[in-house]
Amino acid sequence: MTAQEREKEITELYSELHDFLKGKGLTGFDCMRVKRTLGRIKELDKERNIYYNNEWKDYEGYSIQGK
């Protein structure tokens with residue numbers, strides 16, 4: 001997938017998300033807040049590796065590596 005195709009797909013997904021949130025009664029401002037939050041999650045994902053830690057056998061647990 002090229003960078004342009006990836007950006008187009010991301011734009012389409014954000015558009016679908018925006019339409020869904022508007023359909024649920026959120027304002028345009030609230031939709032933008034959700035989009036920014038998703039962007040921050042994506043940035044955290046780039047900085048940190050989050051993985052399932054199977055050493056914790058008593059309960060499910062996730063570990064974070066990196067910054």
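1. R33 and D30 sit three residues apart in helix α2 (residues 28-47), so about one helical turn separates them. Their side chains meet in a salt bridge, at 4.0 Å from N to O. The term here means a side-chain nitrogen of Lys or Arg within 4 Å of a carboxyl oxygen of Asp or Glu. A search of the whole structure turns up one salt bridge. As for cover, R33 is partly exposed at a relative accessible area of 45%, and D30 is partly exposed too, at 25%. (Buried is under 20% relative accessible area, exposed is over 50%, and partly exposed lies in between, with a 1.4 Å probe and protein chains only.)

2. A word on the source: this is a predicted model, where local features need pLDDT of at least 70, side-chain atom pairs count only at pLDDT 80 or more, and totals for chains, interfaces and linings use all residues. Residues are numbered from 1 along each chain as its sequence is written, and side-chain values use heavy atoms, with hydrogens and water left out.

3. On the overall layout, the chain has two helices and two strands, running α-α-β-β from the N terminus. Helices (H or I, at least four residues) and strands (E, at least two) are DSSP runs, numbered from the N terminus.

4. Now the charges: E5, E9, E12, E16 and D19 gather in a negative patch on the surface. Such a patch takes residues with over 30% relative accessible area and no salt bridge, joining like charges within 9 Å. Asp and Glu count as negative, while His and the chain ends are not counted; the place of a charge is CG of Asp or CD of Glu. One of the members, E12, lies in helix α1 (residues 3-23) and is partly exposed, with a relative accessible area of 41%.

5. L21 is also in helix α1, but this residue is buried, at a relative accessible area of 11%. Leaving aside residues up to four places away in sequence, L21 touches L26, C31 and V34, a contact being heavy atoms within 4.5 Å. L21 and V34 are 13 residues apart along the chain, and their C-alpha atoms are separated by 9.1 Å.

6. Last, the chain totals. Buried residues make up 10% of the 67 residues. Of the contacts between residues at least 6 apart in sequence, 6% join residues at least 24 apart. The accessible surface comes to about 6,100 Å², with 52% of that belonging to carbon and sulfur atoms; areas come from the Shrake-Rupley method with a 1.4 Å probe.

Key: Patches are made of residues with over 30% relative accessible area and no salt bridge: like charges are joined within 9 Å, nonpolar side chains (Val, Leu, Ile, Met, Phe, Trp, Tyr) within 5 Å.
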